[in-house]
Each structure stands twice: as structure tokens, then as C-alpha cells.
Amino acid sequence: MADVDVSDLLDLARDFDGAVPKMTLGARKIVAKGAVKVKERLRDEAKGVRHAPALPSTITYDSTPDGLSATVGPLRGHAGSLALLYFGNSKTGPRLPDPMVAAVKESDVVEEYLGRLAEEIL
């Protein structure tokens with residue numbers, strides 16, 4: 001019968017177990033900061049729209065209960081109902097950039113920070 005030292009493996013398992021709460025907390029902060037950045041960019045882009053001067057103030061974000069994803073955009077039923085400014089209609093084209101451009105740009109930054117967080121924790 002051979003003795004096998006698995007203490008390093010047990011230490012690694014404990015490290016991974018302890019990493020989950022740290023990773024979750026860090027990821028929540030990164031996602032929230034990314035959502036704020038997208039919100040700020042959309043607000044800046046919406047400034048100066050003559051027919052919807054209140055539009056920038058209606059642009060906000062909501063996080064999911066776990067804080068690991070967010071939705072950014074104008075509130076429904078307010079000036080944000082002017083979706084035609086983003087998408088156009090049969091008579092006019094869009095007057096504001098597609099909000100997904102801001103989201104995709106920031107998603108690259110969020111992804112980079114999440115990778116750094118994982119490297120630090122693991």
C-alpha cells in the first residue's frame with residue numbers, strides 16, 4: 001500500500017471554494033461600473049436633441065438581483081418612449097447612434113477587467 005500526499009490538492013480545492021464569493025463580489029462591481037459608463041455615454045449622445053430635451057435624464061440602468069448583468073436605456077413611458085430617435089421611422093432615419101455600439105465597446109472593457117479579477121483571485 002502506498003501513501004499519497006494530497007494536501008496540495010486539498011489546499012487548491014479550498015482556494016477555489018474561497019474564490020467564488022470574491023469573484024462574485026468583484027464581478028458585481030465591474031458590471032455596475034460598466035453599466036454606469038454605458039449610461040453616461042448614452043446620456044452624452046442624447047444631449048441636445050431639440051424635440052426631447054429630457055431624454056438624457058431618463059437614461060438609467062437596472063441590475064439583475066445577482067448584480068451580474070445590467071440593462072441600460074431610457075425609461076419606458078417617459079421621454080425614452082422616443083425610440084424613433086434611435087431606430088428611425090418610415091419618414092426619418094435614426095438621429096442617435098445605436099445604443100448597442102456603446103454596450104459592445106464597454107463589454108470589451110468589462111471582459112478585460114473580469115479576466116484580471118480571475119487572475120488575481122486564482
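Lys 47 and Asp 44 join their side chains in a salt bridge with N and O 3.3 Å apart, a salt bridge being a side-chain nitrogen of Lys or Arg within 4 Å of a carboxyl oxygen of Asp or Glu. The model is predicted, so that local features need pLDDT of at least 70 and side-chain atom pairs count only at pLDDT 80 or more, while totals for chains, interfaces and linings use all residues. Residues are numbered from 1 along each chain as its sequence is written, and side-chain values use heavy atoms, with hydrogens and water left out.

**Salt bridges**

- A search of the whole structure finds three salt bridges.
- In the pair described above, Lys 47 is exposed at 54% relative accessible area and Asp 44 is partly exposed at 48%, where buried means under 20%, exposed over 50% and partly exposed in between (1.4 Å probe, protein chains only).
- Glu 45 forms a salt bridge with Arg 41, with 3.1 Å between the closest N and O atoms, and these two residues are four apart in helix H1, which means that about one helical turn separates them.
- Both partners are partly exposed, Glu 45 at 24% relative accessibility and Arg 41 at 27%.
- Arg 116 and Glu 112 meet through their side chains at 2.4 Å, N to O, and they too are four residues apart, in helix H4 (residues 99–121), with about one helical turn between them.
- Arg 116 is partly exposed with a relative accessible area of 40%, and Glu 112 is partly exposed with a value of 40%.

**Aromatic rings**

- One aromatic pair is counted, under a rule that pairs rings of Phe, Tyr and Trp (its six-membered ring) if their centres lie within 6.5 Å, and that calls planes under 30 degrees apart stacked, over 60 edge-to-face and the rest tilted.
- The ring centres of Tyr 86 and Phe 87 lie 6.3 Å apart and their planes stand at 50°, so the pair is tilted.
- Tyr 86 is buried at 8% relative accessible area, whereas Phe 87 is exposed at 58%.
- Arg 116 also lies over the face of Tyr 113, at 5.0 Å from the ring centre, the criterion being NZ of Lys or CZ of Arg within 6 Å of the ring centre and within 35 degrees of the ring normal.

**Position of Val 6**

- Val 6 is found in the segment before helix H1 (7–46), helices (H or I, at least four residues) and strands (E, at least two) being DSSP runs numbered from the N terminus.
- Val 6 is partly exposed, with 39% relative accessibility.
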